[in-house]
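Here is a short briefing on one protein model. Keep the sequence and the coordinates open while reading.

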Amino acid sequence: MVMGRERDDMIFDFRFWRGLANQQELITNLGSSTMRDFKKRVWMVGLFGLLLFVLQEIWGMNSEQLTTLYAFGGKDPYTIARLMSLIGIVIWAVLYMAFHFFGIAFLLNKITGITLSKLAVLQLFVVGILLIEKGLMFFIFVLSGTTTPISLFSFGPLATIVFENPFLILFFNQLTIFTALIIGLQVRFIRAFTEMNPRTIVSMLIAIHIAMSLITAAIGLLPLEEWFVSFVEGGASNE
């Protein structure tokens, strides 16, 4: 009976909100016990993220230019464009969450040497925080009945006052209070499982987030929606 209880003590159930609220307890458990129910939580976060992206698309976020198809191209091209846009957002949602979950975990594994299983837990929290940020923005947009490419939680609004360069505005728009929260969480986890210098850890994480913000800002300058509308209009005219 004692041996059975000891085996049970070496197993802990992963809970997303409990782990996020009691990070030290989770870190201790990760270092000494076997985790279960983690995959279930990964699927739950993934499905929530997919639902959030789909709801944003259905509501019409970031697809304003598609209305020109309805006005000038007719109902059929507009319907096709909306369907293609919905499929595209589903693919983007999967890639977005997979990058932050698998991609960053793999990168941190190569830099720090921490096992992927521990980094996967960390990055699941990161994905969850990013989705919370997007969910809050979506909630605000629904209440106000309008959208803006500038996040209210970022330095973007301040950047629009200081800079006129679209690239700089998009760059600072990626740096939010949630970014600071994520860096703080990553620093705490990584320090618990590596002997790297804390300053090195902080510098490394800031560099990673700045690099991702620069890439995102560069992609944001591309007229992807205009290209998409032109593609649909061209396909409709060929028919």
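D37 has a relative accessibility of 28%, so D37 counts as partly exposed. This is a predicted model. D37 forms a salt bridge with R15, and the closest N and O atoms are 3.6 Å apart. The pair links distant parts of the chain, 22 residues apart: R15 sits in the loop between β1 and α2 (16-21), and D37 in the loop between β2 and α4 (38-59).

**Salt bridges**

- R15, the partner of D37, has 34% relative accessibility and therefore counts as partly exposed.
- A search of the whole structure finds three salt bridges.
- Another of them joins the side chains of D13 and R36, at 2.3 Å from N to O.
- D13 belongs to strand β1 (residues 11-13) and R36 to strand β2 (residues 34-36), so this pair ties together parts that are 23 residues apart in sequence.
- D13 is partly exposed because its relative accessibility is 33%.
- R36 is partly exposed too, with a relative accessible area of 44%.
- E25 and R18 also form a salt bridge, with their closest N and O atoms 2.8 Å apart.
- Is R18 buried or exposed? At 51% relative accessibility, R18 counts as exposed, because the cut-off for exposed is over 50%.
- E25 has 34% relative accessibility, so E25 counts as partly exposed.

**Aromatic contacts**

- The count of aromatic pairs comes to 13.
- In one of these pairs, F153 and F178 have ring centres 5.3 Å apart and planes at 85°, so the pair is edge-to-face.
- F153 lies in the loop between α7 and α8 (156-162), while F178 lies in helix α10 (residues 177-193), so the contact ties together parts 25 residues apart in sequence.
- F178 is buried, with a relative accessible area of 11%.
- F163 and F172 have ring centres 5.5 Å apart and planes at 10°, so this pair is stacked; the cut-off for stacked is under 30 degrees.
- F163 counts as partly exposed because its relative accessibility is 30%.
- F172 has 24% relative accessibility and so counts as partly exposed.
- One aromatic cluster is formed by F14, F16, W17, F38, F101, F102, F125 and F189.

- R41 is placed in helix α4.
- Is R41 buried or exposed? Its relative accessibility is 14%, so R41 counts as buried; the cut-off for buried is under 20%.
- F16, one of the residues in the aromatic cluster, is 25 residues from R41 in sequence and 6.9 Å from R41 in space, C-alpha to C-alpha.

**Helix α7**

- Helix α7 covers residues 116-144, which is 29 residues.
- At 1.5 Å a residue, α7 should span 42 Å, because the expected span uses one less than the number of residues.
- The end C-alpha atoms of α7 are 41 Å apart, which agrees with that value.
- Just after α7, G145 takes a positive phi of about 75°.

**Helix packing**

- Two packed helices are described by the angle between their axes and the distance between the axes.
- The axes of α4 and α7 come within 10 Å and cross at roughly 25°.
- That angle makes α4 roughly parallel to α7, because angles under 35 degrees count as roughly parallel.
- α4 passes α7 in a left-handed crossing.
- Helix α9 (residues 166-173) packs with helix α11 (residues 198-220) at an angle of about 135°, and their axes are 8 Å apart.
- How are α9 and α11 oriented to each other? They are oblique, because angles over 145 degrees would count as roughly antiparallel and 65 to 115 as roughly perpendicular.
- The crossing of α9 and α11 is right-handed.

**Overall composition**

- The protein has twelve helices and two strands.
- From the N terminus on, its elements run α-β-α-α-β-α-α-α-α-α-α-α-α-α.
- Of the 239 residues in the protein, 37% are buried.

Terms used. Residues numbered from 1 in each chain as written. Predicted model: local features only at pLDDT ≥ 70, side-chain atom pairs only at ≥ 80, totals over all residues. Heavy atoms only, no water. Helix = DSSP H or I, 4+ residues; strand = E, 2+ residues; numbered from the N terminus. Salt bridge = Lys/Arg side-chain N within 4 Å of Asp/Glu carboxyl O. Buried < 20%, exposed > 50% of the residue type's maximum accessible area, 1.4 Å probe, protein only. Phe/Tyr/Trp six-rings, centres within 6.5 Å; stacked < 30°, edge-to-face > 60°. Axes fitted to C-alpha atoms, helices over the stretch in contact; angles between N-to-C directions. Left-handed = near helix turned anticlockwise from the far one by under 90°.
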